[in-house]
Amino acid sequence: MKIGIIGAGNIGGNLTRRLTTLGHDVSVANSRGPHTLTALAEETGATPVTVAEAARGAEVVVVTVPLKNVPDLPSGLFDEAAEGFAVIDTGNYYPGRDGKIEAIENGLTESRWTEQHIGHPVIKAFNGTYAEDILDKPLPAGDPDRMALPVAGDDETAKATVRDLIDALGFDTVDAGGIDESWRQQPDTPVYGLRAGTAEVTKALAEASPERPETFRA
């Protein structure tokens with residue numbers, strides 16, 4: 001599968017490492033330009049590209065940049081993506097980093113806000129995952145200690161694609177509902193950062209409150 005990754009921080013870098021190991025054709029971009037990704041490219045075999053090129057031909061695009069940088073992504077970003085492509089949004093709203101985003105403060109989910117800016121539906125995944133777990137915690141399907149990740153999104157076909165990809169990475173998934181329900185996995189919810197299996201993740205999602213905690217308000 002051809003995969004484009006926008007953002008080469010902890011999550012983006014480790015997804016690049018794992019996905020190339022699985023044999024996917026990965027292009028990776030960051031805000032500083034391809035020349036800053038030489039070491040990651042040499043380590044993984046991924047192709048360093050500009051952000052504008054990252055989605056070219058991609059069947060899956062991972063957007064893993066600080067929320068405040070989402071509006072700066074180039075227009076036409078997905079014009080040359082593969083038909084039926086899926087977008088994974090790993091982002092979280094951290095007011096101390098991102099500044100005050102009024103729409104989110106007023107109740108819009110983080111991923112719905114991201115959708116509005118990029119002009120394409122997203123699948124929310126990996127937002128509460130520790131980056132090191134992507135490398136250190138994969139287990140075969142059926143292992144009783146296998147971790148589960150919540151996955152939210154409105155496009156069921158895209159969601160299935162992402163869930164299959166996460167399964168191949170070595171993790172179970174739990175359907176967390178649509179993007180308007182994705183507050184269940186935002187920061188400071190019971191599932192955020194939870195290292196647990198399917199039953200525990202399902203329970204944590206059910207216990208979430210739609211009220212944004214004061215610790216994640218501007």
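## About the model

The model is predicted, so local features need pLDDT of at least 70 and side-chain atom pairs count only at pLDDT 80 or more, while totals for chains, interfaces and linings use all residues. Residues are numbered from 1 along each chain as its sequence is written, and side-chain values use heavy atoms, leaving out hydrogens and water.

## A covered strand and its partners

Let's start with β7, residues 148-153. Strands here are DSSP runs of E with at least two residues, and helices are runs of H or I with at least four, numbered from the N terminus. In β7, six of six residues are buried, where buried means under 20% relative accessible area, exposed over 50% and partly exposed in between, using a 1.4 Å probe and protein chains only. Ala148, Pro150 and Ala152 point one way, and Leu149, Val151 and Gly153 point the other way.

Two strands pair if DSSP finds at least two bridges between them. β6 (residues 123-124) is an antiparallel partner of β7, with two bridges, and Ile123 sits opposite Gly153. β8 (residues 172-175) runs parallel to β7, joined by four bridges; here Val151 has Asp175 as its bridge partner. Between β7 and β8 the chain passes through helix α7 (residues 156-169), making a right-handed β-α-β crossover. Right-handed means that, with the strands pointing away from the viewer, the path from the first strand over the helix to the second runs clockwise.

## An aromatic pair

Two aromatic pairs occur in the structure. One of them joins Tyr94 and Phe216, which are tilted at 45° between the planes and 5.9 Å centre to centre. (Rings of Phe, Tyr and Trp, the last by its six-membered ring, pair if their centres lie within 6.5 Å; planes under 30 degrees apart are stacked, over 60 edge-to-face, and the rest tilted.) Tyr94 is in the loop between β5 (86-89) and α3 (95-98) and Phe216 in the segment after α8 (198-206), so the pair ties together parts 122 residues apart in sequence. Tyr94 is partly exposed at 24% relative accessible area, while Phe216 is buried at 17%.

## Two pockets

A pocket is an open set of points on a 1 Å grid over the protein atoms alone, where a 1.4 Å probe fits, with protein on both sides within 12 Å along at least five of seven lines; lining residues have an atom within 4 Å of a point. The largest pocket has 32 lining residues, with Gly9, Thr64, Val65, Pro66 and Arg97 nearest its centre. Helix α1 gives the largest share of this lining, three residues.

The second largest pocket is lined by 17 residues, and nearest its centre are Trp183, Gln186, Pro210, Glu211 and Arg212.
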